[in-house]
Amino acid sequence: MLDYITSYLTSNVTPGQAGNVLWAFIYILLIFLGLSVAVIAMNWLERKVLAHMQVRLGPMRVGPHGLLQPIADAIKLLIKEDIMPAEADKVVFWAAPLLVVITAFTVFIVVPFGPTHAVTDMNIGILFMLGVSSLSVLGVVMAGWASNSHYPLMGALRSSAQMVSYEIAMGLAVVSAILMTSLGQASTGTLSMIGIVEAQQAQQTWFLFKFFPLGLIACFVFAVAMVAETNRAPFDLPEAESELTAGFHTEYSGFRWSLFFLAEYSAMIAVSSIAVTLWLGGWLRPFPTWLSGDTWDLVFSLFPGFTFLMLAAVTFFNTARMPRHPYFRIQTLGLAGFGALLAVIGIVLFIPPVRDRIQDIFWFSAKVAAFMYLYIWYRGTFPRYRFDQLMKVGWKVLLPIALGVLILTAVVGVF
Amino acid sequence: MQPVATTFFFYLLSGLALLGGVLVITRRNAVHSALALILTLLALAGLYLMLYAPFVAGVQIILYAGGIMVLFLFVIMLVSIEQSQKQEQFNQFWLIGLIAAVALGGMFTGMYVKGAARLPQHALRLPEQSNTQQIALMLYGNYMFAFEIASLLLLVAIIGAVVMAKRKI
């Protein structure tokens, strides 16, 4: 058994390619766990960062600096009464949140966290991700219709119109990046997520900087379209509070509502990881050719450990700043324990075998995290679009730009 | 890649496809019919995957389940369901439908009983890793003309929709 596990740790293919059901299952569980933790962390981070952008404190009561707030919220949602409207279409109302969650999590089986850290490598990876995530529109429409109420129906109509329109600009931007994979020595293009990152490695550049500024513009179009696709501010018309209370999930409460919440955040992570894979070099570390050599490899492989140590240092600093009152003793101890946990993780990440195995996951997650921070930043910065402005941006601005970039990329690629 | 539990997945997917197909024609509620059709389309996508045609499966999901059916639902939801449920079904095509079903069933049984000689001995194993590239070579190489004609047809449909929707262009 132990041999079996250690033999896998040194292998060079994904579990799907090896046809190893057990490891595929373990990977799926790990990704599910990691995503749940990421959603919890993102929930806390969004409230804190948004609060600080608006000169507020944000959650401070539950746990030190509100660290336990997401857990408290989760418990509240789970034990809340689950209401189903009397005139609702029972089956569709029940199926809608399930569909949204399943599509949001299924796409992660092709996300390449590293050359071997993906559940499987499909020949149609990017197509699969776009296709399955486009199915979530169905869930939104179903939820809005099944609630049998006006606000949800309006929210669902807006949302499906918006998602269908922005999918086109998004798809064209993706195609221009896929065209870039067909250049270089290996002359056939690929749709496989791992293949796309390997093409960037072979061409020694991120596609963001390829054919400057074409790659940059395509990435920009995708970055705008992906915010619209996930219904986030400034494109959060489907759930515009001032107009539609909560949009398509107005009638949902308790556990079902929390499924929508979970799906929204994991969809955000999924589209961010598409952007990272296509334009930001996926799991590749920064400057692989400019700062090459064993020394730089070592320096960059120490990054994950130092990141966690830095987080631990921040936590310890804030532990020292906690009020010295008997009421706060448990909170102070808890924060110190959390810091110690982060420090231990940081130290474990310095062990050479772990370090080598983990650093591609680290770089991938760090790039995704940057996109996730952008989401919060947008929400704190931009006012919401009006619906006709939204449609105008989608059809009259992003679509022509994406089409133009696609044609120019093809022209530059041929010559 | 070694396939796992092929038989099980084949029966699961074809069962789901059949279930969806039956639900499409038996539900009175149009939205339920549309959702059942989506189930059938997704199960078909799974069957394409089992036939080592991942590109076709992906396109099936994106175009049919994610694109066309969403527009279908969009339209159906704006129709008053309560009213349409009470209406009498006015298309009485059961005789033609029965004849077509019997004919198709007869063809299938004939093929099952006598068709062994007409079919290849082994299932065709296409290279899965280059499925997308093979389809691209076919579409933009051998069948370029037919492909462009088909896209022209879609263009005609789009222009027709615009002309019908806008009174003054």
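A nonpolar core is a set of buried Ala, Val, Leu, Ile, Met, Phe, Trp, Tyr and Cys residues joined through C-beta atoms within 7 Å, where buried means that 20 or more other C-beta atoms, placed from the backbone, lie within 10 Å of the residue's own. The model is predicted, with local features needing pLDDT of at least 70 and side-chain atom pairs counting only at pLDDT 80 or more, while totals for chains, interfaces and linings use all residues. Residues are numbered from 1 along each chain as its sequence is written, and chains are lettered from A in the order in which they are written.

**View 1. The largest nonpolar core has 130 residues.** I126(A), A173(A), F222(A), A225(A) and A275(A) have the most contacts inside this core, a contact being a pair of C-beta atoms within 7 Å. Helix α12 (residues 254–279) of chain A gives the largest share, 15 residues, helices being DSSP runs of H or I with at least four residues, numbered from the N terminus.

**View 2. Helix α7(A) is mostly covered.** Eleven of its eleven residues are buried, among them W145(A). These buried residues pack against α5 (90–106), α6, α8 and α12 of chain A, together with α2 (30–50) and α3 (54–78) of chain B. After α7(A) comes N148(A), whose phi is positive, near 55 degrees.

**View 3. Chain A meets chain B through 23 residues of chain A and 22 residues of chain B.** On the side of chain A that touches chain B, α2 (15–18), α6 (125–134), α7 (136–146) and α8 (150–181) each supply at least two residues, and α6(A) provides the largest share, six residues.

Terms used
Contact = placed C-beta atoms within 7 Å. Buried ≥ 20, exposed ≤ 12 C-beta atoms within 10 Å, placed from the backbone.
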